[in-house]
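Student: Could we go through this structure together? I would like to begin with the helix packing and then turn to the aromatic rings.

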Amino acid sequence: MTWNRADVAAGLIFLGIGSVLAVYALATLEIGSAAAMGPGFFPLALCVILAVLGAGILFGARNDEAEPAAPVNWRAVIFVMAAPIAFGMTLRSLGLVPSLVIAMSLAVTASRTIGFLKGAAIVAGMTVFCVAVFYYGLRVPVELVNSGLFH
């Protein structure tokens with residue numbers, strides 16, 4: 001039995017980042033409840049999902065056949081990790097829409113195959129979807145755009 005080093009590394013990175021940011025979200029953001037979500041509910045949910053995903057990858061990293069390690073796509077690693085961090089750091093100060101645009105733009109930038117127009121369409125579509133679901137559907141108490149930005 002051997003361990004797939006890439007999967008072990010990915011699992012540990014996801015588990016570590018998700019756990020640390022979940023603790024940070026719990027310590028600094030208002031979480032609320034499922035019925036009345038606070039601004040920290042969504043980032044906390046993303047952190048928990050990331051940690052669970054990391055634990056699943058780590059659990060599945062055992063294999064019987066050794067495989068050659070593929071090179072790490074650092075561009076994707078950096079931009080995908082930066083997206084939820086940027087979302088969490090900008091949600092209160094900028095509002096939901098600018099935070100979503102920044103986070104989605106970072107996530108789209110991780111791909112080398114998505115062009116500008118396709119990336120812009122993904123950012124616009126996901127932003128509209130998230131605003132519809134979280135602001136209008138679930139009534140998450142967060143401003144669409146921080147009114148203090150225009151003073």
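**Helix packing and aromatic pairs**

Tutor: In this predicted model, helix α1 (residues 5–28) packs with helix α2 (residues 41–59) at an angle of about 155°, and their axes are 7 Å apart.

Student: What kinds of residues make up the contact of α1 with α2?

Tutor: The contact comprises 18 nonpolar residues, four polar and one charged.

Student: Changing topic: how many aromatic pairs does the structure hold?

Tutor: It holds three aromatic pairs. One of them joins F42 and F87, whose ring centres are 5.5 Å apart with planes at 80°, so this pair is edge-to-face.

Student: Where do F42 and F87 lie?

Tutor: F42 is in helix α2 and F87 is in helix α3 (residues 74–94), so the pair ties together parts 45 residues apart in sequence. F42 is partly exposed, with a relative accessible area of 24%, whereas F87 counts as buried at 4% relative accessibility.

Student: And what about the rings of Y135 and Y136?

Tutor: Their centres are 4.9 Å apart and their planes stand at 90°, so Y135 and Y136 also form an edge-to-face pair. Y135 counts as partly exposed at 28% relative accessibility, and Y136 counts as exposed at 51%.

Student: Lastly, which residues do ring pairs link into a cluster?

Tutor: The cluster consists of F42, F87 and F134.

Technical notes:
Residues numbered from 1 in each chain as written. Predicted model: local features only at pLDDT ≥ 70, side-chain atom pairs only at ≥ 80, totals over all residues. Heavy atoms only, no water. Axes fitted to C-alpha atoms, helices over the stretch in contact; angles between N-to-C directions. Helix = DSSP H or I, 4+ residues; strand = E, 2+ residues; numbered from the N terminus. Nonpolar A, V, L, I, M, F, W, Y, C, P; charged D, E, K, R; others polar. Phe/Tyr/Trp six-rings, centres within 6.5 Å; stacked < 30°, edge-to-face > 60°. Buried < 20%, exposed > 50% of the residue type's maximum accessible area, 1.4 Å probe, protein only.
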